[in-house]
Amino acid sequence: MFSIHDFILKTIHGMVGRYPDFQVREYALNWYGKGKLDEADLALIEEWLAPAPVEEVPVAPPPEEA
């Protein structure tokens with residue numbers, strides 16, 4: 001069975017990385033205003049837009065000169 005909710009989330013997920021973040025949020029808020037998305041959906045979309053955590057690699061100190 002077709003679900004407009006799932007269709008909207010798939011569409012928004014496909015927009016992430018292809019459109020500026022503000023446009024993705026604007027599109028999502030439009031559907032939120034129409035009652036098709038809820039706050040949990042907006043939180044999920046915000047997770048999709050969050051930058052990936054950067055792993056810190058320890059840097060060895062330079063060797064001391066003799």
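Trainee: What makes Glu46 partly exposed?

Mentor: This is a predicted model, so keep in mind that we're talking about computed values. Glu46 has a relative accessible area of 38%. Buried means under 20% and exposed means over 50%, so a value in between is called partly exposed. Arg25 gets that label too, at 30%.

Trainee: Why is the contact between Glu46 and Arg25 called a salt bridge?

Mentor: The side chains meet at 2.8 Å, N to O. The cut-off is 4 Å between a side-chain nitrogen of Lys or Arg and a carboxyl oxygen of Asp or Glu, so the pair qualifies. A search of the whole structure turns up one salt bridge.

Trainee: What does the pair tie together?

Mentor: Glu46 sits in helix 3 (residues 39-49) and Arg25 in helix 2 (residues 21-33), so the bridge links parts that are 21 residues apart in sequence.

Trainee: How do you know that Leu37 is buried?

Mentor: Its relative accessibility is 5%, and the buried label needs a value under 20%. Leu37 is in the loop between helix 2 and helix 3. Gly35 is placed in the loop between helix 2 and helix 3 as well, but at 59% Gly35 counts as exposed, the cut-off there being over 50%.

Trainee: Which residues does Leu37 touch, leaving out those up to four places away in sequence?

Mentor: His5, Ile8, Leu9, Ile12, Ala28, Trp31, Tyr32 and Ile45. Take Ile8: it is 29 residues from Leu37 in sequence, and the C-alpha atoms are 8.4 Å apart. With neighbours within four places set aside, Ile8 contacts Trp31, Lys36 and Leu37.

Trainee: What makes the set around Leu37 and Ile8 a nonpolar core?

Mentor: The members must be buried residues of nonpolar types, joined through side-chain atoms within 4.5 Å. The largest such core has 10 residues, including Leu37, Ile8, Met15, Val24 and Leu49. Helix 1 (4-15), helix 2 and helix 3 each give two or more residues to this core, and helix 1 has the largest share, with four.

Trainee: How do you know that the buried residues of helix 3 line one face?

Mentor: The buried residues there are Asp41, Ile45 and Leu49. Looking down the axis of helix 3, they fall within an arc of 85 degrees, so they line one face of the helix. They pack against helix 1 and helix 2. On the other side, Glu39, Ala40 and Glu47 are exposed.

Trainee: How does the radius of gyration of the protein compare with that of a compact globule?

Mentor: A compact globule of 66 residues would come out near 11 Å, but the protein has 20 Å. The C-alpha atoms fill a box of roughly 75 × 25 × 20 Å along the principal axes. Of the 66 residues, 17% count as buried.

Trainee: What pattern does the protein follow along the sequence?

Mentor: It reads α-α-α, with three helices and zero strands.

Notes: Residues are numbered from 1 along each chain as its sequence is written. This is a predicted model: local features need pLDDT of at least 70, side-chain atom pairs count only at pLDDT 80 or more; totals for chains, interfaces and linings use all residues. Side-chain values use heavy atoms; hydrogens and water are left out. Buried means under 20% relative accessible area, exposed over 50%, partly exposed in between (1.4 Å probe, protein chains only). Contact means heavy atoms within 4.5 Å. The arc is that of the directions from the helix axis to the C-beta atoms. The radius of gyration is taken over C-alpha atoms; the globule rule is 2.2 Å times the number of residues to the power 0.38.
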